[in-house]
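User: I would like to go through this model with you. Could we begin with the aromatic residues?

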Amino acid sequence: MIEFRDVRLSFREGLFGRRPVLEGLDLTVPEGRVIGILGPSGSGKSSLARILLGLLPADSGTVTVDGQAAPCRAVQYVPQHPDAAFNPRLRIRAAFRELFRLHPICPEDRRKQTLAAVLDRVGIDAGLLDRYPRQVSGGEIQRLSLARALLLNPRYLVLDEATAMLDVSIQAHIMRLVLEIKAERGMGVLVITHDALLAGAVCETVYTLAGGKLFQGVQGRAG
Amino acid sequence: MIKPRLSGFIVLSLLLVVPVGIGLMRDPVAMSLADSLTAPSMAFPFGTDHMGRDVLARIAYGFFWDFGLSVSIVALSVVLGIVLGMVAGYWGGALDAGLTVVMDLLVALPHLVFAIVLMAYFEQGALALVLALGLTGWVKYARLARARAAQLREADFVLMERVVGAGAARILLCHLVPNILPPMVGLAVLHLGHTVLHVSALGFLGLGLQPPTPEWGAMILESRPYLYKAPWLAVVPGFFVFLFMMLFTLVANRLTGREEAVEHRGADATA
Amino acid sequence: MPPLDMGVPDEPLLDLENLKVSIEGEGPTVWPVRGAALSLRRGETLALIGESGSGKSMLGLALARLLPEGARIEGEARFEGENLLAMDDQRMSALRGRGIAFVPQSAGLALNPCRRVASQVGEVFRRVRGMDKSGAREEAGRLLARLGLDRSVQRYYPHQLSGGMRQRVLIAIGLACRPRLLIVDEPTKGIDLGMIGEVEDCFRQVRADLPDLAMIVITHDLRFAARIADRIAVMYAGRVLEEAPAPAFFEEQKHPYARALLRAAPEHGMIPIPGTPPSMTRLSEGCPFSPRCPDAETCCASEPAPPIRIGDTRVACRRYDRI
């Protein structure tokens with residue numbers, strides 16, 4: 001499980017001020033469960049994700065993933081903006097090739113099959129890899145981002161407003177896909193969103209982030 | 001709207017390329033005092049200088065000096081500018097503050113004067129010229145690179161690279177540079193055009209390349225005592241400096257326009 | 001409910017029939033709008049619903065004649081009885097703003113970042129209504145206050161305002177010209193769920209203050225549309241597939257696409273629609289939704305499906321009564 005304990009974060013404001021963002025936050029994301037974090041923009045929910053992913057250091061407190069200190073390769077994420085999810089100057093294939101180079105995912109002769117399997121699972125035609133990001137639709141980009149995250153076999157997935165920029169019917173596709181994959185692999189999923197109805201429909205437990213703290217929200221119906 | 005530009009570009013290119021092409025087949029160093037200071041004629045289309053050397057040939061070989069030097073200078077500026085700017089923009093903090101101070105100082109000094117001072121320090125020669133102009137011309141690239149790097153470090157794909165474990169070097173080289181470089185190409189070509197002016201200016205002042213090297217500025221310097229008797233000795237190199245600069249400015253405009261169109265198309269969303 | 005007007009026939013303010021928009025660029029010609037039919041009465045608010053690529057923004061731009069270079073409009077469009085497409089530039093300029101006003105999306109440079117918000121609204125009063133500087137300032141202040149932005153906020157620059165506030169400023173600019181038809185493009189895009197209430201309140205205020213104003217609100221947000229619109233029109237692949245009064249629409253949708261769209265919302269089952277939207281470059285005669293329609297017959301793909309009127313509703317489906 002992912003565990004946040006007494007995490008605090010504040011940003012520098014002006015010359016001497018500090019603006020508190022997270023104040024003594026506690027959170028548990030058990031393996032195999034879907035947890036939602038609800039809150040408006042600026043409430044700190046993205047900061048929460050960034051601390052977990054190692055993009056931002058917390059001022060104090062601990063974040064652990066299955067006992068080890070975050071960040072950890074077992075946690076991967078799907079970002080919000082389809083037009084910035086991949087390097088706009090490179091073909092999409094480059095991002096996947098880079099992943100294989102950075103991590104020992106599989107032996108070199110099995111790379112093609114492994115990639116094909118993941119792309120097939122998210123419903124993407126392999127031909128899209130040769131395109132540039134701007135030639136691909138938003139829904140397809142999010143599927144590709146999902147594929148990139150899944151390639152590293154994570155135990156936990158963070159969706160940081162991953163469907164906020166998508167049409168409602170595409171959102172339905174993507175979220176169902178995530179729930180299916182979560183059930184197959186037993187992953188824990190952290191859904192960060194401002195859409196309370198989405199959180200209610202998808203998450204087993206929903207927390208609301210307000211005033212830098214988490215409050216237990218509506219118990220949603222999952223699936 | 002495009003047609004006039006293209007035909008102008010072709011005409012200018014021909015004006016530059018044809019004389020250079022022909023001149024390269026002739027001898028730039030053969031001296032013949034009997035033939036000195038002859039006006040342009042069939043035998044010598046651009047005349048001869050005070051040593052009887054063929055001006056057309058000298059222009060042609062001089063092109064490679066001016067062009068080669070300008071390219072080296074711009075290359076040095078671009079590399080230096082991108083490296084410094086990118087590093088400062090990506091990491092921010094003291095690095096960024098320090099670079100900003102240096103850039104502001106450098107920009108406050110008159111470019112050519114500072115280059116001249118540096119040349120005095122480095123001694124003469126082609127290398128000194130390249131270093132002097134290259135070490136002072138990087139600021140505009142650094143500014144651009146710094147701004148872009150600061151923007152890009154928050155982009156989703158860069159954050160994703162950090163999450164999947166890419167090191168800073170990989171992020172800078174493989175992801176930031178390809179996004180920083182394209183907008184600079186137009187700028188660099190424009191800079192190339194201007195640099196030939198600086199190179200020939202320094203040559204004219206007797207710094208940089210010395211006579212008898214057929215650098216265009218140095219040729220104009222050499223022509224000074226004979227200005228009334230043989231004006232073509234100054235006019236022809238001067239005209240070629242102008243031509244070079246004009247041509248590269250046009251190309252730069254074209255490139256900048258095309259780059260902007262690509263940026264717009266990429267950012268467009270259809271409703 | 002649109003107001004009852006004594007003596008004046010209840011003729012539609014805006015009437016579109018078989019409207020088509022094509023855009024020619026470097027590649028093949030794109031057809032964002034392919035035969036849209038719509039009608040709007042004075043005082044009505046119509047929500048034009050659609051997903052990306054449905055052509056809804058293009059339709060709005062076409063009505064305001066603000067399309068980009070290389071765009072052509074065909075078909076019939078009548079505004080207050082006049083043929084909108086036959087107007088020359090001069091007549092169109094006179095109409096724009098005062099007859100038909102267009103409020104763009106609030107992203108990017110919709111507002112001048114270097115000027116205070118109240119002064120931007122005031123400028124419209126000066127230019128379009130010919131007021132003097134102090135009169136314009138007064139009117140602008142009053143209008144912004146009615147839309148929920150008090151005096152202190154009015155002195156801010158655009159970047160200091162939240163998305164919902166910026167949207168309201170844009171609406172004020174649109175209203176300043178006293179148009180008879182206001183077209184608003186995606187007023188809730190990029191605005192958090194919690195803040196959409198502000199925009200909804202703004203719309204309610206506008207409708208209360210200006211009962212004669214007709215509005216077309218282009219949006220992909222069904223929940224928002226349900227709360228502010230009198231009528232709903234659903235667009236898909238450049239065509240209006242269903243047009244109905246809002247309460248009737250949300251109770252029961254007649255077109256299979258509209259039904260599927262509602263069921264895709266997380267609170268109604270989050271059921272995805274299989275398949276993908278059709279290409280924007282190839283026109284087909286038949287129903288654009290047929291490849292993805294669970295109730296399609298073989299003839300649906302080849303036979304045209306013109307809008308059929310059932311009472312207050314129009315449906316572009318040949319099988320609506322057999323489903």
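User: Are B:Phe63 and B:Phe244 buried or exposed?

Analyst: Both B:Phe63 and B:Phe244 are buried, where buried means under 20% relative accessible area, exposed over 50% and partly exposed in between, with a 1.4 Å probe and protein chains only. This is a predicted model, in which local features need pLDDT of at least 70, side-chain atom pairs count only at pLDDT 80 or more, and totals for chains, interfaces and linings use all residues. Residues are numbered from 1 along each chain as its sequence is written, chains are lettered from A and ligands numbered from 1 in the order in which they are written, and side-chain values use heavy atoms, with hydrogens and water left out.

User: How many aromatic pairs are there over all chains?

Analyst: The search of the whole structure gives 19. Rings of Phe, Tyr and Trp (its six-membered ring) pair if their centres lie within 6.5 Å; planes under 30 degrees apart count as stacked, over 60 as edge-to-face and the rest as tilted.

User: What do B:Phe63 and B:Phe244 form?

Analyst: They form a tilted aromatic pair, 6.0 Å centre to centre with 55 degrees between the planes. The pair links distant parts of the chain, 181 residues apart: B:Phe63 is in helix α2 (residues 55-91) of chain B and B:Phe244 in helix α11 (residues 232-267) of chain B. Helices (H or I, at least four residues) and strands (E, at least two) are DSSP runs, numbered from the N terminus.

User: And what about B:Phe244 and B:Phe248?

Analyst: That aromatic pair is stacked, at 4.6 Å centre to centre and 25 degrees between the planes. Both residues lie in helix α11 of chain B, 4 residues apart, about one turn of the helix. B:Phe244 and B:Phe248 are both buried.

User: Which residues form the aromatic cluster?

Analyst: One cluster includes B:Phe63, B:Phe244 and B:Phe248, together with B:Trp216 and B:Phe46, among others.

User: Turning to chain A, what is its secondary structure?

Analyst: Chain A has 6 helices and 10 strands. Its radius of gyration is 18 Å, close to the 17 Å that the globule rule gives for 223 residues, so chain A is as compact as a globular protein of that length. The radius is taken over C-alpha atoms, and the rule is 2.2 Å times the number of residues to the power 0.38.

User: What box do the C-alpha atoms fill, and how much is buried?

Analyst: The box is roughly 50 × 40 × 35 Å along the principal axes. Of the 223 residues of chain A, 52% count as buried.
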